[in-house]
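I opened the model to look up two things.

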There are 2 protein chains.
Amino acid sequence: MRVHVQSFPADPAGPFTREQWNAVFGQNSGHDVSFGCTSDDLRAIESEIEGLLVATRGLRALLPINAPKLKIVSVSSAGVDMLAPFDWLPPGVVLLNNSGAHSVKASEFALMGLLMLANRMPQFFAAQSLGQWRPASVRTLANNRLTVVGLGAIGARCAEIASALGMHVTGVRSRPGAHPACVEVVGVEQIDRVLPHSDYLVLSLPGGNSTRHLLDRRRLELLPRGAGIVNIGRGSVLDEDALCDLLDCGKVGGAVLDVFEHEPLSEDSRVWRTPNLVVTPHVSADDPLSYNTLTLRILFDNLTAFDKGLPMPNQIDITTGSRQNK
Amino acid sequence: MRVHVQSFPADPAGPFTREQWNAVFGQNSGHDVSFGCTSDDLRAIESEIEGLLVATRGLRALLPINAPKLKIVSVSSAGVDMLAPFDWLPPGVVLLNNSGAHSVKASEFALMGLLMLANRMPQFFAAQSLGQWRPASVRTLANNRLTVVGLGAIGARCAEIASALGMHVTGVRSRPGAHPACVEVVGVEQIDRVLPHSDYLVLSLPGGNSTRHLLDRRRLELLPRGAGIVNIGRGSVLDEDALCDLLDCGKVGGAVLDVFEHEPLSEDSRVWRTPNLVVTPHVSADDPLSYNTLTLRILFDNLTAFDKGLPMPNQIDITTGSRQNK
């Protein structure tokens, strides 16, 4: 296939290189590849390309794409909500995400969030800033109940690690199906039943209309008193204002949020100052050192499937924003 | 055996109870047990007891112990350095620690520390306190090199979890012997050889003269630039002032310290304010919800070994402060 790899140099991982490509595809992959960073780079070969790997953040600036031979567009992110509506995608062209590239990094972040909540790190950080030695009882994660909402590549790995640490894990997913790391997996429509039994909640869902405020005030209030929440998916999944209220009154014990309804968070947002709330600036998913290589590996797997006439694992159903063949 | 369990009610785990004892030993263990909290409680049965389980923090106040039938004293901590010198222990009486009771909790804490350093949490906490959105590249632990110094129950479990997350783990221990979670295990005398190849260092050592300032300035300077350090053992193992200097100049990337040379840390200590240094008030090891039960389980295992004439796994060599039969 004639593939073009279009980088967005401002990405923390830096531009894709031929060395990275060769390390994954080998020298004789049967694919013909070119690399570019500017709009002109793409225009120069647009008429030839059949496959396009493009940095998600740089895609909007390249539209419209006029590539009559194009069959596949692969983007360098797992979430594709920022690319909706998909009217820019020529009819018949397949969209791939890079779900899987984030699972190691993001699952480590989620685990860190859970451990920080069990160990009362928000309180200890506050005490440290005052120079005050204030011991407090801290807990183990082992033997506690975790619910992972969203069992994509990231959520599934969260469940695996948490289970290995001795947590009892329940999964919530849109499609039915058991998971070996989960004691139970329920459909999204049953989430109200599992929330009251969740000491911890990890949210690992894509954005978009179908997940917007899935965790609204009513559902957040179903959690047991003192529960901990980690959100590494999209900020829109959670009613941020309701969460802040519940943290203020101590009904929710703590939260680690890496994603927000409006990013960047404005300086006057109450989120910054809500007690027992840890804020990170949307950094949970990306490990710049390995990101390009992981993204290319996922493209390789999908092109290999395409060549064999098999379903491509990262093909996106643009009506839902989720992978359709997983 | 006639056993007395002496609690120190101010412990976060609360006093030992007969329910906890029965849950571990059963109703018909063959042991005759009594419980007490005050010095008078102990005095009343001192002449009869053969075994004494005593909260480490309360022991000093009970001395001298005048118990002619005493064979075993078991303390409710893994570290026994605060009980040295051991001239209070009657000749021929065996001292047991409760090494193993902390391994789940403390290894979770160590893992949290490593994840917080990989994810630059000290920087993000500083940014949050200013209400500033400052993204920065964060890393995975996977594929990084960890050296665990001290392979007791806690260090060994750290090594296991880190290895499961994809870290390359080297162990440093006083006695030779391989460990399945470690790529390599070296003796303490070889620590200089492994420090330059350690992206992260977990210190899980007992206190006392043999480990004092094992990580001195010269050795801390052997670490690669940007390395991360987690100390969950004893503060005396590390030259705190040297570490602060190396954090100030950025040679060491970050540290999470739960233990200090002088506890509680004084309000004017530079440790509180050193950049990229996270302070917790000696809370890494204890989970109050499970602590008494775990401690009783360890006593049960040791009394069972004693009854069978086998070596007791938690027997302390008072010349070194370490377990002698492990």
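Ground rules. The model is predicted, so I note that local features need pLDDT of at least 70, side-chain atom pairs count only at pLDDT 80 or more, and totals for chains, interfaces and linings use all residues. Residues run from 1 along each chain as its sequence is written, chains are lettered from A and ligands numbered from 1 in the order written, and side-chain values use heavy atoms, without hydrogens and water.

B:Cys158 is in none; its nearest cysteine sulfur, that of B:Cys182, is 10 Å away. I then checked B:Cys244. Its sulfur lies 11 Å from the closest cysteine sulfur, in B:Cys249, which is too far for a bond.

Burial. I took buried as under 20% relative accessible area, with a 1.4 Å probe and protein chains only. B:Cys158 is buried at 6%. B:Cys244 is buried at 1%.

Sheet. I traced five strands (DSSP E runs of at least two residues) in chain B. They form an open, parallel sheet in the order β2-β1-β3-β4-β5. Pairing requires at least two DSSP bridges between two strands. The edge strands, β2 (32–36) and β5 (94–96) of chain B, each pair on one side only.

One pair up close. In chain B, β1 (residues 2–6) and β3 (residues 51–54) run parallel over four bridges. I looked up B:Gln6: its bridge partner in β3(B) is B:Val54.

Methods: Disulfide = S-S within 2.5 Å. Buried < 20%, exposed > 50% of the residue type's maximum accessible area, 1.4 Å probe, protein only.
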